[in-house]
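Please find below some remarks on the model under review.

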Amino acid sequence: MTTTTKFAEEAGTSPNTPVVHLDGVGKSYGNVHALRGVSLTVRQGEITCVLGDNGAGKSTLIKIIAGLHEHTDGTLSVNGEERRFSSPRESLDSGIATVYQDLALAPLMSVWRNFFLGNELTKRPFGRLDDRRMKRIADEELTKMGISIPNLEQPVGMLSGGQRQCIAIARAIYFGAKVLILDEPTAALGVKQSGVVLKYIVKARDAGLGVVFITHNPHHAYLVGNHFVVLKLGRVALDTHRADLTLSQLTNEMAGGSELEALSHELRGVDAGVVAEPHDRPGGI
Ligand SMILES: Nc1ncnc2c1ncn2[C@@H]1O[C@H](COP(=O)(O)OP(=O)(O)OP(=O)(O)O)[C@@H](O)[C@H]1O
């Protein structure tokens, strides 16, 4: 049985049912329309990339799925059942784990304590922390993901940004996430560290999770994505599968191909104006 089939059986749905589906979702903050008519399908064993420029509505979209904000229009379904989350706990309890850029890790605490942060294991009968078991499990789980951290006692704050992202991803998978939402996980990273994080995003997908990868970077998205959604000013400007899209089309869409062409036209005009100006003056230079 594939991991995807196993998750679907647990949820009592067919493997083809989207694990998360947004249909015509809108969100207004007063009279600011952050999202309008946004539809998005997240399937298990797939990476759905959501791209968009600043202010496109990416954070608003995440917050709706993560239970931080309620949508004002449209529907949100999880495993085929319509939901409206009124807290992050409700989203988490539905199997949706969101890894934000700040990662919600405690920088001064050890790697293994961070792995269990908020889900600590205790010993009976006095409820003391079961340090030994937590260390062993953190070690096993990180090794399983191929994450090499030689000393799990070291504070998380001393690790690289890439390693911290990987710990947050491994933790979400261990605690049973079926859907992983990653908020710009490579935004603050260099090329090498981004590569490491992209590798774990693929591992999460291959473990059967439905992954939503939010990014500004079409190159990172195209390296791992199965499905691409580009948001512009709160609306879906592109929604397509990998087979129907090239990297250059995606890059062009993100760069605002037609807007850039118009700008380049305008700049050529400005340039010509600057050069032409002295000759236009009587007795030019
Ligand atoms: N709490 C809020 N109150 C009012 N307007 C908001 C609020 N949050 C977001 N907006 C507006 O909604 C729109 C979408 O913002 P959002 O943060 O979702 O975009 P984004 O794609 O995540 O941008 P960035 O990449 O800059 O984080 C913007 O016009 C923003 O100013």
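1. Helices (H or I, at least four residues) and strands (E, at least two) are taken here as DSSP runs, numbered from the N terminus. In these terms, threonine 17 belongs to the loop that joins α1 (3-11) to β1 (20-29). The model is a predicted one.

2. On confidence, the protein has a mean pLDDT of 84, with 85% of its residues at 70 or more. In residues 276-285 the pLDDT falls below 50, and this stretch makes three contacts in the model beyond near neighbours in sequence. For the complex, the predictor reports an ipTM of 0.94 and a pTM of 0.82.

3. The shell around the ligand consists of Tyr29, Val32, Ala34, Gly52, Asn54, Gly55, Ala56, Gly57, Lys58, Ser59 and Thr60. By class, four of these residues are nonpolar, six are polar and one is charged.

4. Which elements each supply at least two residues of this shell? They are β2 (32-42) and α2 (58-65). The largest share, three residues, comes from α2.

Key
Residues numbered from 1 in each chain as written. Predicted model: local features only at pLDDT ≥ 70, side-chain atom pairs only at ≥ 80, totals over all residues. pLDDT = per-residue confidence, 0-100. Contact = placed C-beta atoms within 7 Å. Near = placed C-beta within 6 Å. Nonpolar A, V, L, I, M, F, W, Y, C, P; charged D, E, K, R; others polar.
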